[in-house]
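Open the model in your viewer and keep the selection tool ready. This tour moves from one stop to the next.

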Amino acid sequence: MAENVQQNNDNKLKLTRHDMVSIFWRSGFEQASWNYERMQNLGFAYIMSPAIKRLYPEKDDRISAMKRHMEFFNTTPYMQSAITGVVLAMEEQRANGADIDDSAINGVKVGMMGPLAGVGDPIWWGTARPVIGAFSAGLAMSGSGLLGPIIFFLTWNILRLSFRWYTQMLGYKQGTNITQSLGGGLLQKLTEGASILGMFIMGVLVPRWTKMYFPIVISRVHTGGKTTVTTLQDIFDQLLPGLMPLVLTFICIWLLRKKVNAIWIIFGLFIVGILGYWAGIFGIAPK
Amino acid sequence: MSAISIILVLIISFLAGIEGILDEWEFHQPILACTMVGIATGNIASGVLLGGSLQMIALGWMNIGAAIAPDAALASVVSAWLVCGPSHLSVKEGIAIAIPLAIAGQVLTIFVRTIVVGLVHAADGAADTGNLHKLDLIHLTGLVLQGLRIMIPMGLVLLASPQAVQGALKAIPDVITNGLNVAGGFIVAVGYAMVINMMANSELWPWFFIGFAMSAITELNLIAMGILGLCFALIYLQLSPRFNGSSNGNGNDNSDSGNLSAEDELDRELEDL
């Protein structure tokens with residue numbers, strides 16, 4: 001170690017731009033070896049691989065660095081870039097002789113992965129993908145050809161890639177201060193704004209794209225040779241179009257909060273659909 | 001179907017399987033997977049339509065922590081093949097078939113994710129000897145397994161004759177197919193409920209009902225709705241005392257200068273990159 005420090009004074013070990021790009025590219029494969037034992041651990045080690053190669057030419061240092069990053073790790077994949085950035089800064093300092101031990105590095109990884117997943121899962125999976133997905137699916141179903149899929153692909157990947165690159169570099173620059181700097185307002189604003197947009201769009205979608213049709217005839221009125229038929233659907237529509245989809249959505253929300261598995265609810269709804277059609281309560285909407 | 005179509009469908013299946021675990025480029029999402037199968041089989045319109053419909057159902061399928069969602073990858077590629085390929089199922093039938101396939105895919109990924117534990121132990125061995133190259137290769141082996149998870153079942157479906165698939169479907173009585181059709185119309189509510197449950201808190205509920213009321217009564221299309229939602233969010237952030245009081249000290253006397261400086265800051269950060 002003493003020799004290393006001596007050597008580093010003349011020739012400081014530093015991650016190159018090429019290393020940063022390589023680590024950014026590898027981040028896109030983080031979950032390849034997702035496993036039930038340590039989840040994204042090997043993924044994190046794989047991402048760190050170019051840095052370990054650059055920073056630890058000595059075999060013993062290299063082995064201990066590899067082992068260090070094989071510990072349990074799991075977060076929202078895109079949030080990992082920020083963590084990697086911070087860890088890169090720490091590893092670089094350590095390689096240049098700073099007194100940073102294994103537990104400090106693992107502490108930062110574990111300390112950041114939880115809170116960042118707490119923010120990342122609702123934003124990326126809970127808001128961004130449903131909103132972009134629903135928007136593009138709407139285009140796809142309205143017969144605009146390849147436009148919907150192309151918009152989905154581009155919007156998602158431009159967002160994702162720029163986010164990954166930006167947070168990796170931010171993490172690297174800010175070193176260990178990143179949690180504070182992200183905590184200061186900006187991230188919170190983004191979360192709040194995205195959630196408002198998400199909830200609003202969900203409200204919009206419920207009556208638009210849920211198809212429920214009740215063909216039961218409530219009354220037949222004959223006036224001067226003309227017959228006016230009123231179905232249950234007409235009555236619902238007079239109250240408020242989309243009322244029954246709203247009720248159904250709330251039933252689903254309630255069931256999910258009762259910890260009923262989503263796939264059972266889906267199966268249950270299929271059975272309700274079949275029985276309801278058989279009994280004449282549900283019909284195929286005329287259009 | 002030509003040999004090229006079949007090879008393309010197998011490649012797409014492999015890609016979808018990879019993305020089913022990576023969750024990066026999103027090739028496993030129905031809107032992309034079904035569209036790609038549609039292009040490969042020369043039946044683009046049905047592929048896009050099926051993809052859009054399945055996407056609505058799969059909106060809330062997300063892997064969080066160690067929980068595994070129903071698998072969009074297997075559901076998308078196999079049902080898209082049955083709709084766009086020589087079996088020529090209707091889009092409605094494709095949707096009905098997709099659900100059991102999503103569960104089968106979920107079971108398969110749980111299986112692979114368990115096998116990968118063995119690979120990780122091999123990677124521990126690579127770390128002991130400091131062999132970075134070997135560690136990289138072991139990591140990517142896991143990815144290949146996930147790709148095969150979708151490609152192999154897809155290959156088996158390709159081997160089945162279209163007549164057999166159609167015959168099996170013809171044997172299903174009308175009440176079932178129409179009932180599935182009806183259920184397919186409102187099954188999306190589960191996806192909405194999953195997404196809403198994830199975001200909802202007492203402050204956000206009004207936004208949901210504003211969206212609902214505007215959508216139920218007006219004829220505004222989705223793009224207009226998106227613009228409105230974005231504006232609501234921005235206005236809320238500007239007005240909410242929670243974001244103005246502490247973050248911007250002089251924001252009260254002149255909000256324009258506050259915005260300007262925030263933009264300048266963003267510009268500076270962009271230039272730093």
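**Stop 1: the two chains**

Colour chain A and chain B separately. Seven salt bridges are counted between chain A and chain B. A salt bridge here is a side-chain nitrogen of Lys or Arg within 4 Å of a carboxyl oxygen of Asp or Glu. Now select R26(A) and D136(B). They form a salt bridge, with the closest N and O atoms 2.8 Å apart.

Before going on, some ground rules. This is a predicted model, in which local features need pLDDT of at least 70, side-chain atom pairs count only at pLDDT 80 or more, and totals for chains, interfaces and linings use all residues. Residues are numbered from 1 along each chain as its sequence is written, chains are lettered from A and ligands numbered from 1 in the order in which they are written, and side-chain values use heavy atoms, with hydrogens and water left out.

**Stop 2: the interface**

**Stop 3: the cavities**

How many cavities of 30 Å³ or more does the structure hold? There are two. A cavity is a set of points, on a 1 Å grid over the protein atoms alone, where a 1.4 Å probe fits but cannot get out; lining residues have an atom within 4 Å of a point. Grid points are joined across faces, edges and corners, and a volume is the space filled by probe spheres set on the points.

The largest cavity has a volume of about 160 Å³. Of its 16 lining residues, select G20(B), H28(B), N63(B), P70(B) and A72(B), the closest to its centre.

The second largest cavity has a volume of about 40 Å³. Select P30(B), L54(B), A58(B), W61(B), A72(B), A75(B), S76(B) and A98(B) to show its lining.

Methods
On a 1 Å grid over the protein atoms alone, a cavity is a set of points where a 1.4 Å probe fits but cannot get out, and a pocket is an open set with protein on both sides within 12 Å along at least five of seven lines; lining residues have an atom within 4 Å of a point.
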